[in-house]
Protein chains: 2
Amino acid sequence: MPSTLPYDFTSLERSMWRYHDRLTVVEGCTPVSLGEGLTPLLRSRTSPPGMTLFYKNETVNPTGSQKDRALSVSITKAVQLGHRTVMLYSDGSTALASAAYAARAGLRSLTLVARGTPDYRLLPLIFFNSTILEYQGSASEALAWTSEACRALNLYETTTTRSANPYGAEGVKTISYEIAEELRDAPSWVVVPVGGGGTLCGIWKGFRELYESGQISRCPRMAAVLPAGYGIIEDAMIKGITDDAVFRSMTLQNPPATIQAKTAMAFPPDGLETIRAIKESDGILLYASDQQALSGQRLLGREGIFAEPSAAAVMAAIQTLAERELAKEQVVVAVITGSGYREVGSISDEVCLQKNSITPTSGIDELRRLLDGFRNQ
Amino acid sequence: MPSTLPYDFTSLERSMWRYHDRLTVVEGCTPVSLGEGLTPLLRSRTSPPGMTLFYKNETVNPTGSQKDRALSVSITKAVQLGHRTVMLYSDGSTALASAAYAARAGLRSLTLVARGTPDYRLLPLIFFNSTILEYQGSASEALAWTSEACRALNLYETTTTRSANPYGAEGVKTISYEIAEELRDAPSWVVVPVGGGGTLCGIWKGFRELYESGQISRCPRMAAVLPAGYGIIEDAMIKGITDDAVFRSMTLQNPPATIQAKTAMAFPPDGLETIRAIKESDGILLYASDQQALSGQRLLGREGIFAEPSAAAVMAAIQTLAERELAKEQVVVAVITGSGYREVGSISDEVCLQKNSITPTSGIDELRRLLDGFRNQ
């Protein structure tokens with residue numbers, strides 16, 4: 001086999017890079033790819049009556065979330081620009097993606113995290129050889145500090161907010177291309193968990209581009225799902241806020257504790273753009289309690305998908321859309337953003353692990369009784 | 001959009017079911033699929049001198065391992081045969097896959113596990129609604145008991161040993177199809193972690209089929225990687241054992257403790273078939289110490305892949321093949337079987353989590369010193 005064969009060609013065709021002609025910000029670059037994207041669109045086997053529900057399963061991305069799409073583009077750009085070191089503020093999905101893609105590209109990576117981030121969330125970063133920095137201040141300060149430090153020290157910032165890095169959203173929009181290609185049009189609704197807002201905005205951008213180039217007949221309505229108590233985007237939408245400084249002054253001072261760790265943001269950096277996307281798409285803002293996120297995990301588990309609580313929150317929105325008959329006779333796509341396997345540590349206290357004992361000698365009788373019990377349920 | 005569109009078509013084309021014509025055991029069945037397979041083949045950016053090394057990244061399968069391929073076929077068959085309840089003995093990757101695919105198919109699932117299985121490994125099963133049974137006896141007894149109970153109570157057994165379920169291997173062989181399609185021939189070597197042996201045998205079967213139908217010019221040599229101290233397959237190979245009862249009598253009585261949990265089998269159920277595959281392919285048996293498995297995780301991390309210790313053990317084999325010049329000027333594919341995210345709990349004691357403190361006021365100077373330190377390294 002000659003060693004000049006373009007070995008990577010097929011794997012790239014089987015990733016979001018199949019849409020490379022739409023990723024104009026990195027035109028001509030060699031993709032830094034781990035095979036992200038082209039994720040399964042699974043039809044729900046328990047759609048609410050009158051709704052055709054699909055799950056866009058982003059949990060099977062290389063580091064377990066949709067952030068891999070953003071970071072694949074973002075790190076590709078870093079290489080093109082000649083950077084050697086990247087840094088971001090994140091202790092969630094973006095941290096993993098940044099560290100993994102930096103490693104893949106042979107770049108040094110720095111991850112700034114909040115104090116008190118649990119070890120299980122940081123541990124994979126060690127394997128990606130990322131240097132962990134613990135910031136002794138608030139999250140909002142940390143975001144600003146990261147941008148300032150990157151400017152001062154000429155580091156490439158991989159935080160996935162639009163102001164910190166405009167390239168990431170280009171990767172995210174491939175979610176829309178894949179959905180549209182598979183459904184042969186846009187769905188009626190797309191339901192997306194919202195933390196900073198960047199993922200929803202990227203998906204909306206993708207559909208808008210497809211609509212403008214005549215490849216879909218309509219745009220979907222966007223449903224944003226936030227943890228209960230995180231109402232800053234809705235407040236700003238109601239008040240008609242468009243000024244960034246005013247929006248920033250609305251930062252939640254005492255945001256409620258929640259297991260929806262990835263979407264619990266006292267200040268959503270892409271909040272104003274999220275408001276525009278929701279308004280333009282005739283969309284809606286919905287909330288999920290922790291209880292709803294946990295039961296969402298169980299509902300998704302019964303479909304074969306193990307999501308983290310922040311991602312499973314979409315199931316609360318599906319229920320609301322169904323109850324309010326907003327999506328009657330319509331096609332709905334719920335974006336399942338993050339894998340539960342990375343977050344087992346966060347839910348172990350919430351779940352009762354029941355084990356039935358089986359003894360070798362009498363086990364078959366014990367099992368027969370258990371099965372009879374199921375039948376009588 | 002008419003609701004009669006074959007929505008699942010494209011997603012299936014983007015899964016291992018693109019080879020459905022080769023999965024004759026489930027011909028005509030509706031696949032129970034979560035989008036398994038068609039995983040990335042990533043070229044190593046740090047191949048040993050003279051070797052072209054690829055990683056077949058099975059960690060991005062729906063439940064994080066190659067077992068999803070086996071269970072997709074196996075559960076598809078269960079539905080065809082009209083079963084309503086499935087059971088297996090496993091507390092590793094197969095348990096997750098069985099529970100997830102049973103959930104996807106709407107079947108009840110029972111998971112028999114060993115005593116002392118850590119909670120973090122069982123917790124996802126709860127979300128898939130699997131009933132956990134804890135067997136109060138040895139692993140070898142548990143395997144036999146599971147088959148006996150399935151026969152007695154007419155349950156469908158999803159254990160991935162050849163004798164318990166012959167269908168799973170058909171799914172595994174699609175790994176070979178994908179590698180051969182992408183490389184346009186077989187590689188020189190395929191390196192596979194071996195626990196029970198089923199995955200290596202399935203991959204070997206795939207290549208043999210492709211060779212027999214003239215689609216590849218040669219078969220690869222198979223390299224099996226086992227945890228150090230698990231020498232039963234090698235012993236049997238040296239002694240020329242072919243009788244199942246004799247092989248069973250060689251079961252390790254005091255197998256060494258290891259962090260390579262998924263491949264640590266006192267008795268490998270498909271061991272004799274594994275011996276045949278290694279002999280037929282002019283292959284080799286190699287071992288990985290826990291230290292090698294852990295440094296394998298770091299090596300793979302530097303390529304952007306986070307593998308569990310049992311899977312990262314392949315890196316020890318790559319080093320041996322390179323040192324012995326067995327794969328000089330050759331193409332080698334290492335199958336990375338399982339994701340590290342599911343096994344963070346097992347390695348937290350092995351890794352030092354170093355954090356650098358950053359104070360808001362003097363942080364940029366602290367960071368500059370840190371970066372200077374890197375440069376002087």
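Student: Is A:C201 buried or exposed?
Tutor: This is a predicted model, where local features need pLDDT of at least 70, side-chain atom pairs count only at pLDDT 80 or more, and totals for chains, interfaces and linings use all residues. Residues are numbered from 1 along each chain as written, chains are lettered from A and ligands numbered from 1 in written order, and side-chain values use heavy atoms, without hydrogens and water. Buried means under 20% relative accessible area, exposed over 50%, partly exposed in between (1.4 Å probe, protein chains only). A:C201 has 2% relative accessibility, so A:C201 is buried.

Student: Which cysteine sulfur is nearest to that of B:C150?
Tutor: B:C150 is in no disulfide. B:C150 is also buried, with a relative accessible area of 5%. The nearest cysteine sulfur is 20 Å away, in B:C29.

Student: What share of the residues of chain A count as buried?
Tutor: Chain A has 377 residues. The share that counts as buried is 63%.

Student: What radius of gyration does chain A have?
Tutor: The radius is taken over C-alpha atoms, and the globule rule is 2.2 Å times the number of residues to the power 0.38. For 377 residues, a compact globule would come near 21 Å. Chain A agrees, with 21 Å.

Definitions and conventions:
Disulfide = S-S within 2.5 Å.
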